[in-house]
Amino acid sequence: MNAKPNLGKGLSALLGDEISMLNSNADNDLQNMQGYRKLPIALLVAQKDQPRKYFAEQPLQELAESLKNSGMLQPILVRPTNKQGSGQTHAQTTQGQFEIIAGERRWRAAQQAGLHEVPVIIRNLDNQETLEIALIENMQRENLSPVEEAYGLKKLQENFHYTQEMLAERLGKSRPAIANALRLLQLPTKILDDIQTGTLSAGHGRCLVGLDENQAIDIAQQIKDKKLSVRAVEKMLASLKTEKIGGVEQHINTNTPELNPNIIDQQRKLQEKLGITVDIIEKNNQGKIILNFTDPVQYRHLINILLA
């Protein structure tokens with residue numbers, strides 16, 4: 001089996017010379033379902049597993065205006081929704097639809113701009129390749145939100161049994177970066193919505209991972225009300241602890257001195273490097289470092305680092 005290309009290199013590396021065909025007048029046989037051509041915009045349909053779920057209206061309108069003035073210079077990557085048999089005629093084939101793999105934002109803007117046809121590159125790709133390309137295209141081109149990225153990574157894990165190491169290799173990212181992205185999905189939906197809309201940052205979200213749901217939502221509200229920085233949230237959490245009173249977890253102030261800012265910074269760096277939650281407990285120059293793993297893959301990765 002041939003090795004698949006590293007998607008972290010970008011779409012241009014994946015598509016190769018097909019991008020350079022943009023200005024050609026090549027009339028490829030549509031039954032082959034490969035290559036560059038223009039298609040009626042009505043034949044294109046959105047991908048149901050598209051990682052991007054939120055399209056900001058203002059940038060979309062701006063892109064639509066640009067398309068009205070200059071046209072679409074970058075083709076949309078699509079695949080046939082059904083395999084075409086060799087016995088079908090040209091007319092029968094053109095009646096089919098094409099699923100958008102990369103370029104849904106341009107397709108939406110083209111509709112707003114009133115375009116009747118758009119340039120596309122047609123590729124016969126399977127579901128796994130389609131999801132991978134859609135994810136990396138959004139990550140590189142359109143600032144995919146941290147939450148959308150995390151859901152896309154999770155779908156690759158669930159649908160195609162990817163480990164975090166495999167995701168890192170395929171998408172050109174570090175394994176800790178993949179782990180940090182996936183950790184966000186442990187947060188309550190309300191907080192994920194705030195990260196999605198930009199009300200909270202991914203850094204804020206990572207601070208809240210592992211907290212009780214009500215506790216996390218309460219602190220998230222404080223972040224929004226007081227416009228707290230990530231560092232301020234880290235310091236606030238360092239001065240709090242969770243105790244069980246009568247079997248019920250309660251969030252109380254410990255009245256103990258705040259952690260040394262250097263230790264807080266080191267804790268944050270360890271979390272980013274290892275891709276797991278790290279707790280540093282220090283008092284009178286003594287203490288412990290707690291490394292929290294959530295699955296066997298994280299455990300093995302951590303052991304390998306410690307024994308290296």
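Start by selecting residues 277-283 and 286-292 in this predicted model. These are strands E8 and E9, and they pair in the antiparallel sense over seven bridges. Show the side chains and look for Asp279, which stands opposite Ile290 in E9.

Next, step back along the chain to a pair of helices. Select residues 230-238 for helix H12 and residues 261-274 for helix H13. Their axes are 10 Å apart, and the two helices pack at an angle of about 105°. Angles from 65 to 115 degrees count as roughly perpendicular, so that is how H12 is placed relative to H13. To see what touches what, display Arg231, Glu234, Lys235 and Ala238 on the H12 side, then Ile264, Asp265 and Arg268 on the H13 side. Which kinds of residue make up this contact of H12 with H13, nonpolar, polar or charged? Five are charged, two are nonpolar and none is polar.

Now move to the open sheet. Its five strands come in the order E1-E5-E3-E4-E2, with mixed pairing. Which strands stand at the edges? Select 35-40 for E1 and 44-45 for E2: each has a single partner strand, so one side of each is left without a neighbour in the sheet.

Stay with the sheet and pick out E3, residues 76-80, together with E4, residues 98-102. These two strands run antiparallel and are joined by four bridges. Along this pair, find Arg79, which stands opposite Glu99 in E4.

Finally, colour the chain by pLDDT. The chain averages 75, and 74% of the residues score at least 70. Where is confidence highest, and where is it lowest? The highest mean, 93, belongs to helix H11 (residues 213-226), while helix H3 (residues 90-94) has the lowest, at 36. Select residues 83-95 and you will find pLDDT below 50; this stretch has 16 contacts in the model beyond near neighbours in sequence. Another stop is residues 242-257, where pLDDT is also below 50. That stretch has 23 contacts beyond near neighbours in sequence.

Key: Residues are numbered from 1 along each chain as its sequence is written. This is a predicted model: local features need pLDDT of at least 70, side-chain atom pairs count only at pLDDT 80 or more; totals for chains, interfaces and linings use all residues. Side-chain values use heavy atoms; hydrogens and water are left out. pLDDT is the predictor's confidence in each residue, from 0 to 100. Contact means heavy atoms within 4.5 Å. Two strands pair if DSSP finds at least two bridges between them. Axes are lines fitted to C-alpha atoms, for helices over the stretch in contact, and angles run from 0 to 180 degrees between N-to-C directions. Angles under 35 degrees count as roughly parallel, over 145 as roughly antiparallel, 65 to 115 as roughly perpendicular and the rest as oblique. Ala, Val, Leu, Ile, Met, Phe, Trp, Tyr, Cys and Pro count as nonpolar, Asp, Glu, Lys and Arg as charged, and the others, Gly among them, as polar.
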